[in-house]
Amino acid sequence: MQLHQLRYFVAVAEVRHFTQAADIVGITQPSLSKQIHALETDLGAPLFERVRGNISLTAAGEVLLPLAKRILADVDTATREVQELVGLRRGRVRLGATPSLATSLAPPVLRRFRDAHPTIDLRVEEGGSQDLVRDLLRGDLDLALIIMPAQGIDPGLRADPILRESLVVASVEELPAAKPTGRLLITDLRDQPMVMFREGYDLRDATLQACRAAGFEPTVAVDGGEMDAVLSFVEAGLGVALVPGIARRPGVRFTRLAPPGVTRTIAVARRRDVVPTHAGRELRRILLDYVRDATAEGQLPAGVEPLA
């Protein structure tokens, strides 16, 4: 059994297609098939079922897949760690963040990290929490600032809650129901056209869950936007939206919800089966230090409270 054979096996297992897997790993399809066959011979068991062009894992393949991923992840981590220590290349850390966190929490944290470690490469990926969880599990990110889903996190990840944030209603004008208290109830949105985030955004799920818990389905005016687009649609008067309390945009009014409101938990997540690199551990430490310092100095945005 060789490492490149495990890489080829994992590629086929993930895309369930030999030709596509060959393209991913950069070899020809016959060469990939030959290496998979050699791996099966060494193990003494077939790893894939091939029926009418459909590829599926055998029982042996199902057992091998998580072990192969762990072995490859450990090898990649060991390679990066040793290369960082001997100075063969600069360190690297890959951070994922939701759009609102990428523009609020990430910048001061990354500034601290850059000041302390100017030679470390920083790579930032912006996306919805579901997309970031997928990228973490694939090994494409070292850390991610995500929103904890109500059903819990994937068992392959470790997620440490650090902040709780309240959602607010974004609108062009003050909604009549907000007078005179300056607050809104979720039920006040029953007859309001709403702008919805695209699939994969936790804010979409949070909006749907809040409306349904209040006994109604939201009236969707525009569906499928990301953060900047959603706020643009609200600004254009197409509807209202539930957004993070830290959101800001000229021309858009942000109204808080009356208790209990709608909250979400922000967590820093990483793969459970991968030992973090020096750079990854340092970024996490600086992130937690920043949250503690911002809390002590009263610099957290309104509606945000620490959990770490």
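Is Arg 271 buried or exposed, and what is its relative accessibility? Arg 271 is buried, at 12% relative accessibility. Buried means under 20% relative accessible area, exposed over 50%, and partly exposed in between (1.4 Å probe, protein chains only).

This is a predicted model: local features need pLDDT of at least 70, side-chain atom pairs count only at pLDDT 80 or more, and totals for chains, interfaces and linings use all residues. Residues are numbered from 1 along each chain as its sequence is written, and side-chain values use heavy atoms, with hydrogens and water left out.

**View A. Arg 271 in strand 11 (residues 263-271).** Helices (H or I, at least four residues) and strands (E, at least two) are DSSP runs, numbered from the N terminus. The Arg 271 side chain reaches the backbone oxygen of Leu 137 at 3.2 Å. It also makes a polar contact with the side chain of Asp 273, at 2.9 Å. A polar contact is a pair of N or O atoms within 3.5 Å; within protein, one must be able to donate a hydrogen and the other to accept it, and residues adjacent in sequence count only if both atoms are side-chain atoms. Beyond four places in sequence, the contacts of Arg 271 include Lys 69, Ala 73, Leu 136 and Gly 156. Contact means heavy atoms within 4.5 Å.

**View B. Asp 142 in the loop between helix 7 (129-138) and strand 5 (143-147).** Asp 142 is buried, with a relative accessible area of 15%. Its side chain reaches the backbone nitrogen of Arg 94 at 2.7 Å.

View C. Strand 3 pairs with strand 4 (residues 121-126) in the parallel sense, over 6 bridges. Here Arg 94 stands opposite Arg 123. Strand 5 also runs parallel to strand 3, joined by 3 bridges. Gly 96 stands opposite Ala 144 of strand 5. Two strands pair if DSSP finds at least two bridges between them.

**View D. Helix 6 (residues 106-116) against helix 10 (residues 278-296).** The two helices pack at an angle of about 125°, with axes 9 Å apart. Helix 6 contributes Pro 108, Val 109, Leu 110, Arg 112 and Phe 113 to the contact, while helix 10 contributes residues including Leu 283, Ile 286 and Tyr 290. Axes are lines fitted to C-alpha atoms, for helices over the stretch in contact, and angles run from 0 to 180 degrees between N-to-C directions.
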